[in-house]
Amino acid sequence: MTDAVPSELVTLADVEAARRLLAGVTRLTPVEPCRPLTAKLGGPTWLKCENLQRAGSFKVRGAYVRLARLGDAERRRGVVAASAGNHAQGVALAAGLLGIASTVFMPLGAPLPKIAATKGYGAAVQFAGSTVDEALVAAQEFAERTGAVFIHPFDHPDVIAGQGTIGLELLEQVPEVKTVLAGTGGGGLISGLAVAIKAVRPDVRIIGVQAAGAAAFPPSLAQGRPVRLGAFGTIADGIAVGRPGDITFAHVGKLVDEIVTVTEEDISRALLMLLERGKMVVEPAGSVGVAALLAGAVQVETPVVAVLSGGNIDPMLMVRVIEHGLAAAGRYLTFTVRCGDRPGHLAKLLTYIAEQGANIVDVAHRRQDPRLQLGEVELGLSVETRGSEHSDRLVNALRSAGYTVTFGV
């Protein structure tokens, strides 16, 4: 149930009108300098902190504009949406502010904090399917059955105009900007940014960033039409979209300069850097612009702004991502060592590792492996190091001391 594709793209006037609607509703989110990226890129790098927006992401902008423009009869019928979290919270908050009843379909297994937040904003939550695409089908069926207005997460001019207000803000906050990067799923955010920024500063380069495991735009742009991925998956659930929108595809094709992809390791490293160096809580989808810059996935001209599109990360996922980020940065090492199964041998090994400057996180004994010799034990070790070079030195030192070190067992 996607609205008909308009013959004209969203305009700067549309975005400016959306900004007037959002006055007093959304926050003017800060733009913060990022020293690690400034040093890496050799020029000013800024972060547009939509992770600090109301409801924890940029989504409330587009949702509020869409709902505020509903007629009285439409408002009485209520609205329905589907989302894994951010769009759900944006619609629920906007609906509550406007006095509109809202129902949100979420996939089974959606993060508990996002479910609780959506309910907290006043929406009725229902569960359907295991993916957002399946939840979307259920939401559309609900709209047809009840008359509720379906609020698409990205493929509507009002939604694009609302997201475009971020572009107007960052042009005022960093008027000298030369490059802007933002995460891209269905394309609503990058479309809105491109509309606003290109209209005022056509020289600014606009770059969309997708997770490599859910990158629907590259094949779609290659074929000249939206193409659905056969399968997709990424820790960046906020941009895990299997097909670009028809309306957003038209905007991206005409206004966005480049679409690049980043790996799960790139995303994990970016999240770790943002948390550790920037003191920023950001969800995986919100960090992909930073990930592209850290990984060198794209060459940029500074000053550059990366949009941190959201901060709604499940604490359990954060723990896993931090561990993954540490491992990707060479600071969290997991390996096995064989040694004699006699008193004192374990203490000797752990002391030796500590002498190399590594911090032991976890130790597991395995004695039942048939590959082990009698009187031998295999130890699974997890250690923290200072980086990849330190990890290499530790492994070489262990092997030089006569220990058998293996990985992936």
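This is a predicted model: local features need pLDDT of at least 70, side-chain atom pairs count only at pLDDT 80 or more; totals for chains, interfaces and linings use all residues.

The largest pocket holds about 660 Å³ of space. Its lining counts 43 residues. Val132, Leu136, Pro153, Phe154 and Val241 are the ones nearest the centre. Three helices each give at least two residues to this lining: α5 (86–98), α7 (132–146) and α9 (188–200). The largest share comes from α7, with 5 residues. Sorted by class, the lining of the largest pocket has 19 polar, 15 nonpolar and 9 charged residues.

Now turn to the second largest pocket. Its volume is about 420 Å³. Here 21 residues form the lining, and Ala84, Gly109, Ser130, Thr234 and Asp237 lie nearest the centre. Two elements supply two or more residues each: α7 and α14 (315–328). By class, the lining of the second largest pocket splits into 11 nonpolar, 5 polar and 5 charged residues.

Next comes strand β11. It spans residues 332–340 and is mostly covered. Of its 9 residues, 7 are buried, that is, under 20% relative accessible area. Which strands pair with β11? One is β13 (residues 376–384), antiparallel to β11 over 9 bridges. Within this pairing, arginine 338 stands opposite glutamate 378 of β13. The other is β14 (residues 404–406), again antiparallel to β11, over 3 bridges. There, valine 337 has valine 405 of β14 as its bridge partner.

Notes: Residues are numbered from 1 along each chain as its sequence is written. Side-chain values use heavy atoms; hydrogens and water are left out. On a 1 Å grid over the protein atoms alone, a cavity is a set of points where a 1.4 Å probe fits but cannot get out, and a pocket is an open set with protein on both sides within 12 Å along at least five of seven lines; lining residues have an atom within 4 Å of a point. Grid points are joined across faces, edges and corners, and a volume is the space filled by probe spheres set on the points. Helices (H or I, at least four residues) and strands (E, at least two) are DSSP runs, numbered from the N terminus. Ala, Val, Leu, Ile, Met, Phe, Trp, Tyr, Cys and Pro count as nonpolar, Asp, Glu, Lys and Arg as charged, and the others, Gly among them, as polar. Buried means under 20% relative accessible area, exposed over 50%, partly exposed in between (1.4 Å probe, protein chains only). Two strands pair if DSSP finds at least two bridges between them.
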